[in-house]
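Dear colleague,

Please find below the structure that I am passing on to you. My notes on one helix and on the pockets follow it.

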Amino acid sequence: MASGIHLKPHNAAEQTFHVTMRGVGTLRPFFRNVDKEDLLDRFRWYLSEQEVRDGKRRAYTKLYREVAVLAFCVLDNHFHLILHQFTANGMERLMRRVLTGYGRTYNANHPWKGPVFDARYAADPIHTPRHLREGLAYTILNNPIEQLGYDYSSNAMMLGERSSSWLRTDLALGAFGDRDSYREFMNRTGPARVERKLR
């Protein structure tokens, strides 16, 4: 596989995961588009190589050498990521910072007090190149309109239609070989995947 990712089934470092996180109970913590954008901004703050500072002028810790997000899809009540950690604790460090910060901001800006997320995020290991391709497709297509054009998935970035300073599209595209192969794979498998999901 040309992606630069070495899949090691039983090694926490250099491991790829399908990560999901849900709002607690019936809460929809990403119901507004501005909330979806806030979540994605938080990943950018930690994963972009560009320096980003908070409201008190403190620089965010940079974690892009420890962990990478390859794909995402944010829905009203949960989100999906394909995430690769280069170090054993990379995923935990990133998710703790993003989710804690998001929860605090959500409580400050909404008529809600208490936990925002349903316990701990789920992280299922991905062990093979085929599983990675399937996981990337599933993540990107797992959206309310069941389409590649959904605004809060990473498909447009994969296709080069939108830029990103933090998403590792190079690693994701490497699972397919190149951008044209990714496009062909999604166009070929997408309709069947959506049909299976709707049953």
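Helices (H or I, at least four residues) and strands (E, at least two) are DSSP runs, numbered from the N terminus. This is a predicted model, in which local features need pLDDT of at least 70 and side-chain atom pairs pLDDT 80 or more, while totals for chains, interfaces and linings use all residues. Residues are numbered from 1 along each chain as its sequence is written, and side-chain values use heavy atoms, without hydrogens and water.

As to pockets, each is an open set of points on a 1 Å grid over the protein atoms alone, where a 1.4 Å probe fits, with protein on both sides within 12 Å along at least five of seven lines; lining residues have an atom within 4 Å of a point. Of its 16 lining residues, Arg96, Leu99, Thr100, Phe117 and Ala119 lie nearest the centre. H2 contributes the most to this lining, with 8 residues.

The second largest pocket has a volume of about 170 Å³. Its lining includes Arg42, Trp45, Tyr60 and Arg104. H2 again provides the largest share, 6 residues, and H1 and H2 each supply at least two.

Yours sincerely

Terms used: Grid points are joined across faces, edges and corners, and a volume is the space filled by probe spheres set on the points.
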